[in-house]
Every structure is written in structure tokens, then in C-alpha cells.
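Please keep the structure open while you read.

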Amino acid sequence: MLAFLQVLSSGIAIGCVYGLVALSFVLIFKATQTVSFMQGDLLMLGGFAGLALHLAAGWPLALAALAAVLAVALLGAGLERAVLRRTIGQPHLVAVLLTFGLGMMMRGGVASVPAAAQDMYRLPFAADTLVLGPLVLAASHLWVIGATVVLALLLAAFFRHTRAGIALRACAEDARSAALMGVPVARMHTLAWALGAGLAAVAGLLLAPITFVHLNMGFIALKAFPAAVLGGLTSLPGALAGGVFLGVAEALAGLVLPEGAKDVVPYVLLMAALLLFPTGLAGGRGGGDGR
Amino acid sequence: MRRTAVLRPLLAWALLLALAVAWLGADFAFGQATLVATYAIAGLGVVVIIGQAGQIVLGQGAFVALGAYAQALLVQAGVAPLAALPLAAAAGALGGALASLPAGRLGGLYFGMSTLAFALIVEELLVRWESLTHGSAGLVVPAFGLAGWTAGTPAAQAAISLAVLLAVLAVCARLLASRLGRAWRAVREDEAAAAACGIAPAAAKLRAFAVGGALSGLAGGLYAHWIGFISPEQFGLVFSFELLMLAFIGGTRRLAGAAWGALVVVAIPQLIAVLRDTLPGDWARSAGLELMLFGAVVVGVVLLRPQGLAGGSGR
Amino acid sequence: MKRLRSLALALSAVMAGAPAHAAEAAGVSEREIVVGHVSDLSGPIAMLGTPVRDGMLMRFDEANAAGGVHGRMLRLVVEDAGYDPKRGVLAARKLVQRDKAFAFIATMGTPVVMATMPVVLDAGRLHLFPFSPHKATYEPLHPLKFQNFAPYQDYMEAATRHMVERGDYRRSCLLYQDDDYGQEVMRGVEAGLGRLGRPLVERTGYKRGATDLSSQIARLRAADCDLVVLATVVRETVAAMAEARRIGWQVDMLVTASGYSAQTHELGGDTVEGLYGVSVLPHPYAEGANPRLAGWIERYHARFGTAPNVWSVMGYTLADMFVRTAEATGRDLTPAAFARTLERIEFAGDDFGSPAYRFSADDHLGNRHGRLAQIRNGRWELITDYLR
């Protein structure tokens, strides 16, 4: 039972990271109809940016983390202005390839720094544990879970109560009507990309104490896709829930199912979810057409 | 099919090969040509599925893997490589047919995601089924041979790959001009309209995947011989994306797109490596530079030639 | 259609007749020796690739500064294959045909080695000291094939045996990376335990790049293991130790040479204290280094801007063996002459504390022995001599 709870807590924490990346993916997809395959690279970039500002430039950790998130968000906005907006109205695969290529450039850029290519690093926070009776929780896991909850609340408030948030939602529901109502659609697209990129960077920083910062840390985004699809691709709460569900299912499968089943679980779940609920677990609402 | 329309590009390619031989040396150029042709065959599968039938496929690498493993296992069991190739193609076709099954329920991007899941499950199966595939330790594949003769030299390998490529190009050209090709294009443009005209979209998609899978499986059979060692991770997601890039860079609407795309995907990184040797300093030696330049090529082509190098707005 | 077919035939006939290059001491000119290196600078083992390359560059630079080998300068041509055999084959062909590499040294990664070795050997070039735990790199005996490090199986057989004897462990378990590396270690651990007549109580795997090892550790704990052998790389080593300590499980762990890295304790801090490891080469710690090693570390740092690690030492050592063999071969440098010399030389220990390497006419594996180390006070300490 204790082992079960221990594993569950890890699963939830990892699931939150999946969920955050899935959230960033869905946010972009919903607002701009663009499929981004560079969220993992943005995540990696966020981790390295925080690291560089903290360790190399000597900024305090909190400031470095904040600056890293802002920098990656700015990059997302800049890329949207410069290139990504050209994919609007094109087939999905154009955006898939474009973002994949941009991701390669980011990875190449980081890999050209010898120190980044050769080593992995830790960001010096959240190394301790918290003891709750017989249960021992890793501080890094609590950080992830806490930050995810706070971010989810902030996002919910943003979409509900701010002008920009409501405009963004209107834009995602029906861009043409939104434009007619005076919503600056192009600017909303930039905002969506900034938010999506920033969220990925947050996920990177939260992942830093768990997997350390290294060149291939972005591969975790591969698990975020099944999470996003499980959530129905267009639902923000669904993406987050899909991520947590996936993380927990994966961890428990490792404990209960026979050896080796753990790694297939996300994809079998994805396949099953796609076939059983073609519009997502949270779905029902406008998911199916996919174009 | 008009003669000049076939001959002119053929002459262009022959000229390109001759230039490569003169500049890079015969063995190096033929080695490149072998892989370009093999990749082009695999890429044709993507061109058929995406460009003709209009379906999103994110897991094409799995079909190549199925072909490669079928070929390797059959040859190990004593089947002649040439006799095994059709079976490798059949393995790919079977994989394609399987992967296309969710198309009945899912559309567009969702279906694309299901092919991704299919590819990851295939990769996992190849790792797990150790008694057959040796798992992640991989399989050593003997050289391609025919009745005592082995294709050991790059020139012979290039000749075989190019011959197979030309043959499948001819077959595909026929196929596209047939009823089936028209059905694919109808489904691509408007599924509902196609159905109204008496075309069964599900059957058309299934056939597109079977043909696309067969082409990639065939390429996998050749690939196994040329590389000589196969392991599941070689055919992972990165490989699927490489094929996707290949098709898009070349142009998904034209069959020739696969060849142009293969040239870019296989040869550009090599070209970057050759040019890099002429650059001074330590910085040029970092691996990041190659990755960055290749990423830039992909971004550039997608932005500047959204229809691909072979162009064409569809036939 | 007919035209097309005949053209294809004509084309293939032309190509089948194209002459192949003859390789006569390729890569050796009046002034230069070209050495090829297919590395992984962008893939999953890029963290080894860069220091290995830098270590080799440093040794070659030193040799060149001292006037080269019999007046010839050494030139290392590096290609990145990123652990992808297709890129490896292309890179190997480029090195064979365009750069005319005299020898291939330290090819990185089993899939790449398996795919490129035939290309190299068929061209009559030397295939030296690849980074692959595969037996095929030295067996069956081939005149041009040499390997410096034994398969993990050999090291782990001896290491497991000694560990279990030392600590009298009754319930040994294994956590392994689910690939050829993990399989290799598993065979070694099973063999070592088998010789003592003890079972492998539990084994559990993870996929390369896995994020979370909590379920695996829970599984091992449920099996009540008293020794966990880790077939992991640095990050997973730290994660496994941290997870076990977090849930209050003070089990002893032994990691393979892949986890024997200064990064393990740099990243793991207190949680990896007490971890056992297999060491083939000692890590070059600046603190407490002998003066010659300290000088080397300083030069490395000045040249590459980072501190050297155990992989840098490995690259340097391999390049050093190449330089010494080429020097002993003399002015008439051919692959066959080089191989004959390599079979005769004995490489005794050096400033780094490397093991002795010895090849012979019927054994092309240079070393079979590692030693046990333990992390004590935040650094690896060697605790045994070379295990027989």
C-alpha cells in the first residue's frame, strides 16, 4: 500500500509535466490551428536558459527562472510573427514540418555550445524530501504539482476574467466572428504562441530537478502528445487531466503489470482512447473534424 | 505518358550522378546514390498516402521496419534475397493495412496520431519479441546476393536500388492513372463528394496504405542489406519524420518529389559535412552546426516552396 | 515504358563496370597520416562523444607539436553519426573514400559500429578500439580488428562475483536499460551469480530516456533485494539511488562503468554516497592529482574550456596507443605492419592509472579487467585492484 502511494505520487508529478506540455500544445493548437512539434525543444531551451542565467550569469534562481520563461515566451511570439503565421490555412503537415525544423535549429543551437553538449546540470533547488508519517515525498515532485495547480488556476482566471483571455477564447472558437467583433486575431495568435512557449519553458524548469538539464530532455514531449490527444486536443483542462492520467497509468503499470509493459502503456491507451472516444475523453465538443 | 516527360528528368538525374562521380569519386557517389534511391522508394510510400490519398501519416518508419525485419529474417532462414523482397513489401503492405483501420472512425489529425501510436507499438514489439528479432541487440543482415554473386560494391548496390526505384516509379505512374488513383484524389479533395460519386472512401484509404506500406516495406528490405545491421531504434519516430520531411521537401503531389526529397534528406547532411571540413576553427566541428543548418534547410523549403521542390499543384 | 526499361539497364551496366579504388596504405602520405573517427556528437551518447574526441585531438596535437610520427602529421577527421547506423555508413564511406583514412578509431555506439565495421574492413583499413560492448569487435579474429575494452559482460561477471563475495549478499537484483547494453550486463551478472550458485532474485528494465524510476525501485524493494546492480547511465544511476533513499531504502547498489563518472556524484550529491561502481580507468580528479596528471588536466582545461572526465582520458589513451604503435612501426606504415606492431607492444600503466593493455597474434582484446570503486566523501575511490 505504501509502495503504491509512493509510486502514485511520482506518477502524479511526472503526469503534471506531461500535462503542462500537453497544455502548451493544446493552447497553440486551439488558438491557431497549428500543430507544434517543437514543444519539447522549447522545454529544453527553457531549462538551459534558466541554467545559463543562474549558473553562468549569476542571477538569483527565482529571477533567472522568471527571465528564462519570459525569454522563451518572447521567442515563441517572435517566431509566430516571423514564420509561423504563414502556416495558417495550410494543411496541418506544413506546420508539423515547420515546427520540427525550427526545433532542430534550436537543438542544434544549444548543441553548438560545448558545455551544453557535453554535460548535464542540476538547478539547485528542491533537493530535499518531505516526510508525512510513513510517506516520503520528494520536494521536486511537490514543486511540480504545486506549480501546475497554480498555473492552471492562473490560466483559468486569465481565460475567464481578462479581456485578452476572453478575446483569445473567442478567437479559438470562431476566428472570423471574433475578427468581426473587433478582436485583433493576429495579435491573439502571437499571444497564444507566447503563452504556449512560456508554458513549455516552465515545464522545462520544473523538470530540471527531476531529470536534470540536458540536450535530450525535450523527448519527454513525446509523451505529451498522447496526453493531449487523450484530452481531446482542444480542451485545456482535458490536456492537463490527460497528462496526469497518463503519468499515473504509466507508473502504476510499472508496478503492477508484467515487465516491459510500462513503456507501451501510453500508446496503447492512446490507441484505445482514439478508437473508443474519437473526440477525446473530455470531448464531445468540436474535436472530431481535425482540420 | 509522353516520352519527353519521362526522358528529360531521367537525363537530368543521370547527369547529376555523373557530376557526383566526377566530383566525389565513384564509390562515394554510388554509395550516396544507393541510399538516395532506397530512401526515395520509402518516400514514395509517403507520397502515395499523403499526396495522393490525402491522409496524414506520422508513423511511416514502422512500415520500413516491418519490411527490413521480414527481409532479414527470411534471408537468415535461407530464402534468396531477391525472392524475399516481394515478401518484405507484403509485410509493409500488411502493416499499412493494419495502420489504416482506425481511418474508419478517425479523421485528419486524429488519424495521424493513431499512425504515430501504431509506429511506437511496432517498435516496442520488435524490441520485445526477442526470440524472433533479437530485441534491441539487433540483427546482422548478409549482403544482397544472387546465385553465388554478392552485391558487394557500391556500384552494384546503386544499380540494384536505382533499378528497383525506376520499376516502382513506373508501377506507381500506372497506378495513379488508373481508377484507383482517381479514387484517391477524389477522396483527398472531398470525401463526401467522392462517396456520392460511388467511391468507397474506406476502401480507397485502405488501398493507399497498403500500397504506401508495400513501397516502404520494399525499401526496408533493401535498406537492411545496404546497412547490414538493423535494430528497432533505427526505425523510430525520427526516421518517420525524416520520411515525412523527405516527401514534403520533394513535393507530395508528384512522384518525382520522393526522389528530390531523398536527395535533400540524404545528401544535404553529407554535403554540409564535406563543406564543413573546409571551414577553419573548432566551432565548425561542433555537431550543432550540422543540425542547425539542416533545420534551416527544412524551414526554408517549407516557407519558400510549400509545394516542394518538384512543385506542381496536383494532377 | 520500354525506353525507360532499357535506359535503366544501360545505366546499371555502366555502374556495375565502374572501377573500385585500390587501397594501398591509404591515408599515409609523405607529410600526413589521416585517422577517421565516427562519433556521436548529437545523439543519445553525445555526452561521451565530445570528451572522447577532445581527448584524442589533444594527444594528436601533442604528437604533432613534437614533430609528428616519423615526420608525418596526424590529422583526425571527425564525423558525427548521432547513433544512427545509416549516417554511420555514409560517414564511414566518406572517410574511406574521400578522406582516405588510414585507420578508424573509437567508433561510437553499437548500431553504428555494427553497420560501419564491414565498410572499414572491406576497404582494408584498421578498425581500432570501438565504443561498443559487442564481441564482434574483436571476435572472430581479423587482422585489422582490435578492441581495447571487454564487453560489459566480462567486467560485470567479475565485479558481481567479487561484490557478492565481499558483502555476502543473498538477494541480488538488477535494474537495466532495455537495450543491448542492458542485455550484455544482465548476462554478466547472471554468469557471476551462477558461479557462486546464487540466483538473480528480481530484474526490472526501463526504456532509454525514461523519466521516472519509482515503480522499478518499488518493484525491487518488494523483492527484498540486498544488492541492486545498475545497468544504467549517469542520469538513471542518480535517479535510482535518489528514489531508493527517498523511500528510506538503504540498499547497496553497484553500477557499471557507464555510471562511473564524476557527474554521478556532482549531480547526485549526498544521495549517491556509498554507491559502488566498476572502474576501468580512474577519473582524473584535479584534487590530489600527481604533478604530471595535474599538468595534463590544466592543459586540457586550457585547450577545451571544460574539465576533463574519464571519457577524455579514454580518448587520450586510445590516441596515445595509436601514436606509440605508429611510431614503433616505423616509416613504412601499412595497416598490416601497424597491426603486427600492435600485437607485440605492451602498454604498461600510465599517469592516469590505466590498466595494462596487451594484444597478441591470436587475441585482439586488450584488457579484460576492471576494478571496484565507491563514492566516498563526494568522489570515487578505488577500493580493489584489477579483478581477475
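**Notes on the predicted model**

1. Burial in chain A. Of its 291 residues, 59% count as buried. Keep in mind that this is a predicted model.

2. Overall dimensions of chain A. A compact globule of 291 residues would have a radius of gyration near 19 Å, and chain A agrees, with 19 Å. Along the principal axes, its C-alpha atoms fill a box of roughly 60 × 50 × 35 Å.

3. Elements of chain A. There are 12 helices and 2 strands. Read from the N terminus, the order is α-α-α-α-α-β-β-α-α-α-α-α-α-α. Take the contacts in chain A between residues at least 6 apart in sequence: 74% of them join residues at least 24 apart.

4. The nonpolar core. Which residues have the most contacts inside the largest nonpolar core? They are A:Val17, A:Val21, A:Val72, A:Ala201 and B:Ile41, in a core of 364 residues. The element that gives the most to this core is helix α2 (residues 26-52) of chain B, with 18 residues. Domain 1 (32-149 + 291-354) and domain 2 (152-279 + 371-382) of chain C both give residues to the core, so it lies between them.

5. A closer look at A:Ala201. This residue is one of those with the most contacts inside the core. Neighbours within four places in sequence are left aside here. A:Ala201 is then in contact with A:Leu42, A:Leu43, A:Leu45, A:Gly46, A:Ala68, A:Val69, A:Val72 and A:Ala73. Of these partners, A:Val72 is also on the list of residues with the most contacts inside the core.

6. Chain B against chain A. Here 35 residues of chain B are in contact with 39 residues of chain A. On the chain B side, α5 (108-128), α11 (237-250) and α13 (287-304) each supply at least two residues. Helix α13(B) gives the most, with 12 residues. By class, the chain B side has 26 nonpolar, 6 polar and 3 charged residues.

7. Chain C against chain A. This contact takes 29 residues from chain C and 31 residues from chain A. On the chain C side, the elements giving two or more residues are α2 (46-65), β7 (200-206), α7 (214-222), α8 (234-246) and α9 (262-268). The largest share, 7 residues, comes from α7(C). By class, the chain C side has 9 nonpolar, 14 polar and 6 charged residues.

8. Domains of chain C. The assignment gives domain 1 (32-149 + 291-354) and domain 2 (152-279 + 371-382). Their C-alpha centres lie 30 Å apart. How many residues make the contact between them? The contact takes 5 residues of domain 1 and 8 residues of domain 2. The domain 1 side has 3 nonpolar, 2 polar and no charged residues.

9. The five-stranded sheet of chain C. The sheet is open, with strand order β2-β1-β3-β4-β5 and parallel pairing. Its edge strands are β2 (73-80) and β5 (145-146), and each pairs on one side only. Inside the sheet, 3 bridges join β3 (residues 103-105) to β4 (residues 126-128). One bridge pair is C:Ala103 with C:Leu126.

10. Strand β10 of chain C. Strand β9 (residues 252-255) pairs with β10(C) in the parallel sense over 2 bridges. C:Leu254 stands opposite C:Tyr276. Is β10 (residues 276-279) covered on one face or both faces? Both are covered: C:Tyr276 and C:Val278 are buried on one side, C:Gly277 and C:Ser279 on the other.

11. Backbone points to check in chain C. Most residues other than glycine have a negative phi, and most peptide bonds are trans.
   - The peptide bond from C:Glu139 to C:Pro140 is cis, with omega near -5 degrees. C:Pro140 lies in the loop between β4 and β5.
   - C:Ala106 has a positive phi, near 55 degrees. Its loop runs between β3 and α4 (110-122). C:Ala106 counts as buried because 27 C-beta neighbours lie inside 10 Å.
   - C:Asn377 also has a positive phi, near 50 degrees. Its loop lies between β13 (371-376) and β14 (379-382). With 7 other C-beta atoms within 10 Å, C:Asn377 is exposed.

Definitions and conventions:
Residues numbered from 1 in each chain as written. Chains lettered and ligands numbered in written order. Predicted model: local features only at pLDDT ≥ 70, side-chain atom pairs only at ≥ 80, totals over all residues. Helix = DSSP H or I, 4+ residues; strand = E, 2+ residues; numbered from the N terminus. Rg over C-alpha atoms; globule rule 2.2 N^0.38 Å. Buried ≥ 20, exposed ≤ 12 C-beta atoms within 10 Å, placed from the backbone. Contact = placed C-beta atoms within 7 Å. Nonpolar A, V, L, I, M, F, W, Y, C, P; charged D, E, K, R; others polar. Core = buried A, V, L, I, M, F, W, Y, C linked by C-beta atoms within 7 Å. Domains from an automatic or database assignment. Pairing = 2+ DSSP bridges.
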